[in-house]
Amino acid sequence: MKKVNAMKILFIGDIVGAPGRQALSDYLPRLKQQYKPQVTIANGENASGGRGLSEKNYKELKTCGVDIVTMGNHTWDHREIYDYIDRTPSLIRPANYPDPEATPGRGMTFIRVNDQELAVINLHGRSFMGDFDSPFKVGQQLVAEAKKRTDYIFVDFHAETTSEKEAMGWFLDGTASAVVGTHTHVQTGDERILPQGTAYVTDVGMTGFYDGILGMEKEPILEKFLTQMPTRFSVPKGGRKRLNACLIDLKTDGRARSIKMIRIDDDNPMLR
């Protein structure tokens with residue numbers, strides 16, 4: 001009997017500046033044509049100049065075909081986000097700020113897919129990342145809340161350390177459909193389906209400038225490492241690009257059937 005996918009989710013790793021937005025524009029239509037995902041999610045916290053997200057660039061991501069945009073530690077780097085995040089349910093910021101009532105925006109949203117709903121949750125790590133509430137406790141609470149409406153639950157965990165990300169994967173195994181890591185901008189090769197059915201990868205990687213360091217021009221970063229003097233990091237306006245993503249197939253019970261990593265760059269061109 002032919003297996004029927006209940007839901008396909010395409011997740012695009014951290015979009016970094018103009019090269020990242022251009023890579024999204026170039027490749028997303030072809031990815032959708034090839035894989036036919038029902039939902040496309042992207043981390044957009046670096047999409048405007050490598051730090052934060054302007055309203056103009058948020059709308060650009062949506063025009064490219066992104067359904068939900070998640071954020072991270074650079075959420076508030078563009079002051080104007082305070083003015084529009086509350087009225088954009090398809091843009092979510094980390095849910096585990098210490099004072100959620102005083103923090104604009106939301107940490108979870110729902111999107112309807114045919115006759116089903118998908119819950120999308122954004123969490124922020126604490127190891128080397130600042131003073132946040134426990135992502136484990138907040139994540140558990142939000143997953144339980146989402147379960148009242150749907151079995152399809154996607155978590156973007158924006159965190160620094162591999163251990164904290166792996167811990168989150170095991171912690172939510174069997175309750176979330178997928179836990180994917182973002183923030184470090186380097187795609188890892190540890191994608192798997194955990195024993196209770198949760199799709200997991202430590203980091204999806206980044207979408208942006210290919211010949212730099214984490215999407216930034218490499219020269220200032222090399223100077224920083226060599227001299228330990230302050231330097232200004234910047235995103236180039238052009239150059240070779242890469243796109244990192246993952247495709248997750250979910251079964252009718254909300255558990256994952258498969259997770260596939262996607263890497264497109266000059267060394268790994270997209271199949272025509």
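Analyst: Two strands pair if DSSP finds at least two bridges between them, where strands (E, at least two residues) and helices (H or I, at least four) are DSSP runs numbered from the N terminus. This is a predicted model, in which local features need pLDDT of at least 70 and side-chain atom pairs count only at pLDDT 80 or more, while totals for chains, interfaces and linings use all residues. Residues are numbered from 1 along each chain as its sequence is written, and side-chain values use heavy atoms, with hydrogens and water left out.

User: How many bridges join β1 to β3, and which residue of β3 is the bridge partner of isoleucine 9?

Analyst: Strand β1, residues 7–12, runs parallel to β3 and is joined to it by four bridges, and the partner of isoleucine 9 among them is valine 39. Strand β3 also pairs with strand β4, residues 68–70, in the parallel sense and over three bridges.

User: Which residues does UniProt list for "binding site", and why do they gather at one spot?

Analyst: The unreviewed UniProt entry lists Asp14, Glu45, Asn46 and His185 under that name; such annotations may be inferred rather than shown by experiment. They span 172 residues in sequence, yet no two of their C-alpha atoms are more than 11.8 Å apart, so they gather at one spot.

User: Where do asparagine 46 and histidine 185 lie, and what is each in contact with?

Analyst: Contact means heavy atoms within 4.5 Å. Asparagine 46 sits in the loop between β3 and helix α2 and counts as buried at 3% relative accessibility. Apart from neighbours within four places in sequence, asparagine 46 is in contact with residues including Asp14, Arg51, His74 and His185. Histidine 185 sits in the loop between β8 (178–182) and β9 (192–193) and is buried as well, with a relative accessible area of 8%. Leaving aside its neighbours within four places in sequence, histidine 185 is in contact with Asp14, Val16, Asn46, Asp203, Gly205, Met206 and Leu214.

Note on methods. Buried means under 20% relative accessible area, exposed over 50%, partly exposed in between (1.4 Å probe, protein chains only).
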